[in-house]
Amino acid sequence: MKKIARWALAFAAVVSVSGSAMALPEGLVYKITLNTGLRKVPSGKVAFTWVEQAGSMWNDTCVSAVKWCTDYGLPSCSNMLVHEELTSLDQDCEYRAVFPADATIYNDPLYENWGYNSRQQKTRVARLSAMQDGANFVIKGVCQFNSALSMAQSFAMVQATHP
């Protein structure tokens, strides 16, 4: 009986992986805030749109286009491409654009990615890596502007609109 209880507990632990963390949902707008070390600076709003499923037979990613807009001074927008890694249990990007899933998010190194730094200047994004918190749906990560040699800044994206 103890073996059955252990197997049941192990199965419940595997099956109960949280489905409440949404990696890159479409139709939501996020406010992005950069952390400069001394203060948190608002840097505009971000929205994601699923583009394609890319990769190989064993390692797929969902590619999403990002529109990063700021309205400080003159309103302007910039574009990025980010990849969302798929898990072995969830291999469908269309499904993932609508329903919850946990994933690692990083920028496409072959694409010219642009964003806004802490001074609200349009700047090339050299690297971006992020994950979403399943408890409060905040995307947190680190990005480097200008070049891979520049200092990395942490950022947070909080939902500005709700579905």
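Cys 69 is partly exposed, because its relative accessibility is 23%; the cut-offs are under 20% relative accessible area for buried, over 50% for exposed, and partly exposed in between, with a 1.4 Å probe and protein chains only. Cys 77 is also partly exposed, at 36%. Before I go on: this is a predicted model, where local features need pLDDT of at least 70, side-chain atom pairs count only at pLDDT 80 or more, and totals for chains, interfaces and linings use all residues. Residues are numbered from 1 along each chain as its sequence is written, and side-chain values use heavy atoms, with hydrogens and water left out.

Cys 69 and Cys 77 are joined by a disulfide, S to S 2.0 Å; the criterion is a pair of cysteine sulfur atoms within 2.5 Å. The count is one disulfide. Its S-S torsion is about 105°, so it is right-handed. Cys 143, in contrast, is buried at 2%.

Now the rings. There are three aromatic pairs, meaning Phe, Tyr or Trp rings (for Trp, the six-membered one) with centres within 6.5 Å; planes under 30 degrees apart are stacked, over 60 edge-to-face, the rest tilted. Tyr 30 and Phe 48 have centres 5.9 Å apart and planes at 70°, so they are edge-to-face. Tyr 30 sits in strand E1 (residues 29–35) and Phe 48 in strand E2 (residues 40–55), 18 residues apart; strands are DSSP runs of E, at least two residues, numbered from the N terminus. Tyr 30 is buried at 0%, and Phe 48 is buried at 5%.

Trp 68 and Phe 145 make a tilted pair, 6.4 Å between centres and 50° between planes. Trp 68 is in strand E3 (residues 60–70) and Phe 145 in strand E8 (residues 139–145), so this pair ties together parts 77 residues apart in sequence. Both Trp 68 and Phe 145 are buried. With Tyr 116, they form one aromatic cluster.

Definitions and conventions
Helix = DSSP H or I, 4+ residues; strand = E, 2+ residues; numbered from the N terminus.
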